[in-house]
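Work through the exercises below with the sequence and the model open. Each task is followed by a solution in steps.

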Amino acid sequence: MSRKHPIIAITGSSGAGTTTVKRAFEHIFRRAQINPAIVEGDSFHRYNRVEMREAMKKAETSGNHNFSHFGPEANIFAELEKQFKSYGETGAGKKRYYLHSDGEAAEHNKRLNISLKAGEFTPWEDISRGTDLMFYEGLHGGVVDAKANVDAAKWVDLLVGVVPIVNLEWIQKIHRDTAERGYSAEAVVDTILRRMYDYVHYITPQFSRSHVNFQRVAVVDTSNPFIARDIPTPDESMVVIRFRDPKKVDFPYFLSMIQGSFMSRPNTIVVPGGKMGFAMEIILTPLIQELLENKKKA
């Protein structure tokens with residue numbers, strides 16, 4: 001880890017709700033006039049959309065029914081660690097973008113004077129010099145792959161996990177992928193099943209390495225996520241926030257600031273679901289300020 005060039009990473013699986021955390025960080029950065037180097041986790045996938053389909057077919061044919069974006073075969077974990085290491089040591093590095101939509105493709109085509117389609121990667125380009133910190137959001141901000149001797153987590157100064165209970169996570173993914181991406185519910189369930197091995201081995205272990213976890217828990221029945229008609233609302237949920245090092249946490253302040261909050265364990269505070277974004281800003285702002293103060297002293 002580097003005091004001079006701090007790295008913040010949000011990690012959570014597909015459908016976990018990392019967008020809410022990303023928005024909270026955007027508010028913090030804007031208020032504090034922080035200039036981040038933003039890195040998207042999808043840019044470290046190994047294959048573009050067409051290549052991924054072909055790789056999946058090949059894996060199926062060879063008897064591998066667990067090939068997924070969650071695991072090492074479909075990602076370049078070594079390049080992710082290299083990126084973190086480079087920025088932490090020098091404040092520099094390379095980045096690219098995965099183009100999720102035609103709109104994103106048009107934006108980057110105009111910026112770079114290229115002609116790419118949705119589902120492809122932009123060329124690697126230098127990260128701008130003089131940024132205050134790196135901000136990563138994606139699947140693998142705290143990934144460790146012992147077989148490949150990769151440990152991206154060790155370079156991250158603030159690792160934030162976004163971890164809904166698994167049934168809620170599946171409901172969110174099913175609804176998002178059917179409503180926004182046009183997949184059938186059956187296809188989304190097949191994806192969940194195919195990803196399960198990598199989910200267990202490469203996604204969930206990250207949440208034991210994180211400095212703070214935000215876990216949304218529904219207070220309505222989600223026992224069968226595959227037939228749920230809608231996503232539980234924030235008012236139908238609570239958020240369990242776990243701190244790895246509670247000694248540095250001002251729990252009385254958080255309890256006084258976040259109405260309806262309470263402590264469930266010495267390292268855990270629970271807040272109403274509707275207060276999740278506010279709680280993130282209240283909790284994460286001093287952690288980011290500490291990183292920047294250490295940066296000034298480095």
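The model is predicted: local features need pLDDT of at least 70, side-chain atom pairs count only at pLDDT 80 or more, and totals for chains, interfaces and linings use all residues. Residues are numbered from 1 along each chain as its sequence is written, and side-chain values use heavy atoms, with hydrogens and water left out.

**Exercise 1. Find where confidence is lowest and where it is highest in the chain.**

Step 1. Start with pLDDT, the predictor's confidence in each residue, from 0 to 100. Its mean over the chain is 93, and 98% of the residues reach 70 or more.

Step 2. Go through the helices (H or I, at least four residues) and strands (E, at least two), which are DSSP runs numbered from the N terminus. Helix α1 (residues 18-32) has the lowest confidence, at a mean of 85, and strand β11 (residues 262-265) the highest, at 98.

**Exercise 2. Describe the overall build of the chain.**

Step 1. Count the elements: the chain has eight helices and twelve strands.

Step 2. Compare the radius of gyration, taken over C-alpha atoms, with the globule rule, 2.2 Å times the number of residues to the power 0.38. The radius is 19 Å, close to the 19 Å from the rule for 298 residues, so the chain is as compact as a globular protein of that length.

**Exercise 3. Explain why strand β10 is largely enclosed by the rest of the structure.**

Step 1. Apply the burial limits: buried is under 20% relative accessible area, exposed over 50%, partly exposed in between (1.4 Å probe, protein chains only). In β10 (residues 237-243), five of the seven residues are buried, so the strand is largely enclosed.

Step 2. Look for its partners; two strands pair if DSSP finds at least two bridges between them. Strand β9 (residues 212-218) pairs with β10 in the antiparallel sense over seven bridges, and R216 stands opposite V239. Strand β12 (residues 268-272) also runs antiparallel to β10, joined by five bridges, with V270 as the bridge partner of V240.

**Exercise 4. Which residues touch the most other members of the largest nonpolar core?**

Step 1. Define the core as a set of buried Ala, Val, Leu, Ile, Met, Phe, Trp, Tyr and Cys residues joined through side-chain atoms within 4.5 Å. Of its 33 residues, F25, F214, I241, F243 and I288 touch the most other members. Helix α8 (residues 276-297) gives the largest share, nine residues.

Step 2. List contacts (heavy atoms within 4.5 Å) for F243. Leaving aside neighbours within four places in sequence, F243 contacts residues including V212, F251, I269 and I283.

Methods. Contact means heavy atoms within 4.5 Å.
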